[in-house]
Amino acid sequence: MSISYFLSKQLKRPKGVFGFFVSLLMNKVNKPMYTKSLNLLAFDTKDTVLEIGIGNGKFLNSIAEKVPNGLVIGIDISPTMVFVSRFFNYKLIQKNKVQILKSGVENLKIEKNTVDKILSINTIYFWKNPDQIMNELYRILKPKGKLFLAFNSKKEMIKSGYNPEIFTFYELSEVENLLKEANFTVIESSYEQFKIEDCHCIIAQKNA
Ligand SMILES: C[S@@+](CC[C@H](N)C(=O)[O-])C[C@H]1O[C@@H](n2cnc3c(N)ncnc32)[C@H](O)[C@@H]1O
């Protein structure tokens with residue numbers, strides 16, 4: 001197995017001790033994307049927020065701070081990441097401010113019209129049937145609820161040598177089209193070059 005293949009697999013589903021160290025690296029690399037999501041999502045203190053693909057859950061407390069009277073639900077498909085993020089967020093879980101579930105985005109068991117904000121950072125590449133997932137995210141959002149997606153550009157992913165058998169690379173327009181087909185209104189798209197990686201950010205809204 002090549003190093004690039006092994007690393008790509010770890011980014012898709014971090015596992016074991018090596019996966020834990022990969023998740024610490026992701027905290028550093030992806031921090032600007034999280035900062036952007038926190039600035040753009042205009043949280044209300046009572047919001048119910050869903051984060052898809054939380055990694056080690058290091059940023060759940062920053063989200064919880066924005067919604068002191070609400071709830072943050074984090075999901076991840078990796079048992080290692082769920083274990084570590086429950087450890088990092090132990091106190092918030094005890095206070096019922098954070099819930100962490102081991103789940104793929106493909107199997108969300110959330111009632112319709114119950115979530116105010118959804119965010120997902122650097123995970124869309126791994127979603128199976130993204131068209132169905134967008135429909136599902138639309139279903140669980142409350143009317144006027146918002147979805148924030150951040151991902152690297154196709155050009156950067158190819159340049160950085162990410163494995164196309166593991167990652168699906170997206171152009172901005174492809175993600176925008178998936179959102180529109182699910183009935184979302186795209187309210188803002190932006191592109192930024194951060195120190196270590198670049199970022200397409202999209203905010204989409206469910207209709208009233
Ligand atoms: C590249 S990491 C990004 C983690 C975190 N969002 C960050 O930016 O630090 C991708 C994360 O998404 C999770 N993941 C991958 N496929 C998933 C899926 N289908 N449903 C939910 N989580 C998934 C992985 O286990 C991993 O923790």
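**Ligand shell.** I began with the residues around the ligand and counted 23, the closest being M26, N30, G53, G55 and S78. A residue belongs here if its C-beta atom, placed from the backbone, lies within 6 Å of the molecule. Helix 1 (3–12), helix 2 (16–40) and strand 2 (71–76) are the elements that each give two or more residues to the shell. Helix 2 has the largest share, with three residues. I take helices (H or I, at least four residues) and strands (E, at least two) as DSSP runs, numbered from the N terminus.

**A note on the model.** This is a predicted model, so I kept in mind that local features need pLDDT of at least 70 and side-chain atom pairs count only at pLDDT 80 or more, while totals for chains, interfaces and linings use all residues. Residues are numbered from 1 along each chain as its sequence is written.

**Whole chain.** I found eight helices and seven strands in the chain. The radius of gyration, over C-alpha atoms, is 16 Å, close to the 17 Å that the globule rule (2.2 Å times the number of residues to the power 0.38) gives for 208 residues, so the chain is as compact as a globular protein of that length. Along the principal axes, the C-alpha atoms fill a box of roughly 45 × 40 × 30 Å. Buried residues make up 38% of the 208 residues. I call a residue buried if 20 or more other C-beta atoms lie within 10 Å of its own, exposed if 12 or fewer, and partly exposed in between, with C-beta atoms placed from the backbone.

**Core.** The largest nonpolar core has 45 residues, and I118, L147, F148, L149, A150, V175 and L179 touch the most other members. Such a core is a set of buried Ala, Val, Leu, Ile, Met, Phe, Trp, Tyr and Cys residues joined through C-beta atoms within 7 Å. Strand 5 gives the most to this core, six residues. I then checked F148: beyond its neighbours within four places in sequence, F148 is in contact (C-beta atoms, placed from the backbone, within 7 Å) with S37, L40, L41, L119 and I203.

**Helix 6.** Which residues of helix 6 are buried? In this helix (residues 130–140) they are P130, I133, M134 and L137. Seen down the axis, they fall within an arc of 100° (taken from the directions from the helix axis to the C-beta atoms), so they line one face of the helix. The buried residues of helix 6 pack against strand 4 (115–121), strand 5 and helix 8.

Most residues other than glycine have a negative phi. N96 has a positive phi, near 60°, and lies in the loop between helix 5 (90–94) and strand 3 (98–102). K144 also has a positive phi, of about 70°, and sits in strand 5 (residues 141–151). Is K144 buried or exposed? K144 counts as exposed because it has 11 C-beta neighbours inside 10 Å.

Definitions and conventions: Two residues are in contact if their C-beta atoms, placed from the backbone, lie within 7 Å.
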